[in-house]
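Hi there,

Here is the structure I promised to pass on to you.

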Amino acid sequence: MTTAMTTVSATASAVASRKKRTSSVVFHVLVLAIAAVILYPGLWMVMSSFKPNGDIVGNVNLWPETWTLDNYVSALGGIGGVSFWSFVLNSLILAVGSVVGIVLSATVSAYAFARINFPGRGVYFAIMIGTMLLPFHVVIIPQYILFNSMGMVNTFLPLLAPKFLATEAFFVFLMVQFLRGLPRELDEAARIDGCGHWGIFRLVLLPLMRPAVITSSIFAFIWSWNDFLGPLLYLKQPETYPLPIALRIYVDQTSVSDYGAQMAMAVLALVPVLLFFVLFQRYLVDGVATQGLKG
Amino acid sequence: MSATTTERGRQAGRGSARGTTAQPSPARGGAAKPPRNRSDTRAGYAFLSPWLLGFGLLTAGPMLMSLYLAFTDYNLFRAPEFIGIDNFTALFADPRFLKSAQVTAIYVLVGVPVKLAAALAVALLLNAKHRGQGTYRSMFYAPSLIGASVSVAIVWRAMFIDDGVADRVQQFFGLPGGGWVGDPGMTMPMMILLAVWQFGAPMVIFLAGLKQIPAELHEAAAVDGAGPIRRFVSVTIPMLSPVLFFNLLLETIGAFQVFSSAFIISGGTGGPADSTLFYTFYLYIKGFTEFRMGYASAMAWVLVVVVGIITAILFRTSRAWVHYTGDVR
């Protein structure tokens with residue numbers, strides 16, 4: 001009797017585990033199929049950059065038949081006498097400047113929203129959330145007129161100043177949400193120890209905000225690095241071009257002829273983004289996830 | 001617009017109420033606030049000063065200015081000349097404007113649902129507990145990070161150009177080629193594919209939402225005899241509706257503002273036959289290549305109003321289909 005029971009349950013568990021294994025196989029086959037489609041354009045770009053120029057368009061195969069670095073040589077040659085590294089440097093200045101500006105302005109603004117009780121706070125908060133829904137194209141023309149009248153076209157200021165003034169509500173909101181998760185008792189304890197708001201912010205909360213600051217920094221860097229419209233509006237001299245604009249000029253110049261160099265330059269322009277992605281994917285993906293849940 | 005912002009504020013407040021500390025959310029006025037004092041007020045404005053300055057100088061001020069410019073003829077070199085509603089009447093008689101509105105509308109109406117459907121489907125697939133879930137999640141998210149970059153637009157153009165990779169795939173299935181980039185009938189599917197390729201960001205948000213659905217709900221439904229489809233319709237969808245709403249709102253607003261990929265793929269023209277002339281692209285052309293800044297401002301305000309109306313409609317209808325659990329109002 002007991003032996004019969006065990007055999008039955010053993011068969012049942014064998015069936016269950018086989019079922020589980022089948023579903024696992026189906027899962028992995030499906031997911032790998034999706035992954036192949038998703039990754040193909042990126043892999044095609046990277047591999048094409050190592051193919052001879054005539055062998056790129058229309059070549060479905062990823063693996064180059066003959067490897068070449070010629071594309072990178074011409075991509076690194078720069079455009080119209082301006083070195084490739086000048087574009088990299090401009091992109092870097094803009095991206096690092098954005099990170100600094102956003103971290104400074106968003107942390108203090110978020111502290112005001114999350115931790116200080118003052119009249120008008122609710123209204124400002126609602127407005128701040130509202131600006132996240134606003135199509136920002138409504139402000140680009142007046143902003144351009146404003147910066148143009150101050151003689152700031154062809155400088156980085158029109159692109160960096162807004163970051164120091166917390167205009168990107170996404171970051172403020174992300175940090176407000178993070179601050180709300182930190183216990184209020186911390187503030188109280190610091191207050192009893194004689195801290196004012198600046199002390200509470202600087203000594204107690206800011207160090208604890210590290211994860212939110214890291215997430216924001218990565219996003220700020222990548223968004224600035226990839227930004228096209230901003231530099232397109234304000235930077236009109238080749239010496240001031242960041243990579244996306246240089247890339248566009250390059251494509252327009254070489255047009256049909258040099259797909260190899262286009263691919264090489266496209267790859268080079270994405271290197272920092274991919275680097276950040278590989279190193280910090282958890283921060284990025286979790287940042288997106290919490291933003292959606294709490295928003 | 002103000003109705004929508006308070007709604008959003010309430011939503012945000014809900015998020016904090018769920019958190020660990022019982023602290024009054026700034027969006028919710030009224031009851032049980034600790035007493036205020038003047039030094040708090042001073043500190044509040046001091047800490048908020050970057051945002052206040054930014055909002056005043058770079059958002060509110062410019063918005064008012066563009067509202068004024070919308071009623072003027074202005075080209076940056078001469079003083080604005082007040083012309084009443086001429087810009088708006090000209091807009092609706094401008095075939096290129098109407099074309100750009102049409103292109104954008106199709107992109108939003110088709111692209112957003114397809115992208116969200118893909119995101120939800122893959123999120124449901126990944127939500128099944130299997131090994132490697134985290135890796136796949138990151139992998140699928142990657143295109144969202146680079147999708148709007150010039151690099152990807154260049155790759156897209158190279159892949160969909162005449163005799164390109166997309167043509168080869170079509171030929172493999174016995175379909176005629178000819179390239180998508182140069183065919184006015186095919187550029188929209190190409191742009192939508194580029195959008196759908198970036199399904200990762202909404203997928204990550206869906207996944208996080210799915211994780212929050214208590215397993216007991218599914219178990220209870222199963223005990224009551226509900227099959228997988230019934231459970232999906234009656235448990236998953238209602239429980240996921242706040243996240244669905246959030247994604248719908250964000251993706252819709254985002255889709256209205258697509259610019260750089262269309263710019264790069266069409267070589268800055270919006271062609272062929274204006275088939276990639278998205279709304280913001282035409283706005284850019286009017287404002288910054290033709291320097292008709294009054295006209296472009298009118299366009300910008302039409303966009304604000306349209307997006308505002310759509311947001312308001314979404315919030316209105318959301319009361320009927322978005323289900324907030326444990327939300328005591």
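**What I found**

Of the 329 residues in chain B, 43% are buried (a residue is buried with 20 or more other C-beta atoms within 10 Å of its own, exposed with 12 or fewer, and partly exposed in between, the C-beta atoms being placed from the backbone). Please keep in mind that this is a predicted model, in which local features need pLDDT of at least 70 and side-chain atom pairs count only at pLDDT 80 or more, while totals for chains, interfaces and linings use all residues. Residues are numbered from 1 along each chain as its sequence is written, and chains are lettered from A and ligands numbered from 1 in the order in which they are written.

**Chain B**

Chain B has 14 helices and 2 strands (DSSP runs numbered from the N terminus, H or I of at least four residues for helices and E of at least two for strands). Take its contacts between residues at least 6 apart in sequence: 65% of them join residues at least 24 apart. Two residues are in contact here if their C-beta atoms, placed from the backbone, lie within 7 Å.

Leaving aside residues up to four places away in sequence, Tyr295(B) touches Asn87(B), Ala90(B) and Lys286(B). Ala70(B) lies 225 residues from Tyr295(B) in sequence, yet their C-alpha atoms are 6.2 Å apart in space.

**Where the chains meet**

In the contact between the chains, 97 residues of chain B meet 82 residues of chain A. Helix 2 (residues 38-69) of chain B gives the largest share of chain B's side, 19 residues. By class, that side of chain B has 59 nonpolar, 30 polar and 8 charged residues (Ala, Val, Leu, Ile, Met, Phe, Trp, Tyr, Cys and Pro count as nonpolar, Asp, Glu, Lys and Arg as charged, and the others, Gly among them, as polar).

**Chain A**

Chain A is divided into domain 1 (2-72) and domain 2 (74-294), with bounds that come from an automatic or database domain assignment. The centres of the two domains, taken over C-alpha atoms, are 35 Å apart. Their contact takes 12 residues from domain 1 and 11 residues from domain 2. On the domain 1 side, helix 1 (2-48) and helix 2 (70-75) of chain A are the elements that give two or more residues.

Which way do helix 7 and helix 10 of chain A run relative to each other? Helix 7 (residues 169-180) and helix 10 (residues 210-226) of chain A pack at an angle of about 165 degrees, with their axes 10 Å apart (axes are lines fitted to C-alpha atoms over the stretch in contact, and angles run from 0 to 180 degrees between N-to-C directions). Helix 7 and helix 10 of chain A are therefore roughly antiparallel (under 35 degrees counts as roughly parallel, over 145 as roughly antiparallel, 65 to 115 as roughly perpendicular and the rest as oblique). By class, this contact has 6 nonpolar, 2 polar and no charged residues.

Helix 7 of chain A also packs with helix 3 (residues 84-115) of chain A, at an angle of about 50 degrees and with the axes 8 Å apart. Helix 3 and helix 7 of chain A are therefore oblique to each other.

Best wishes
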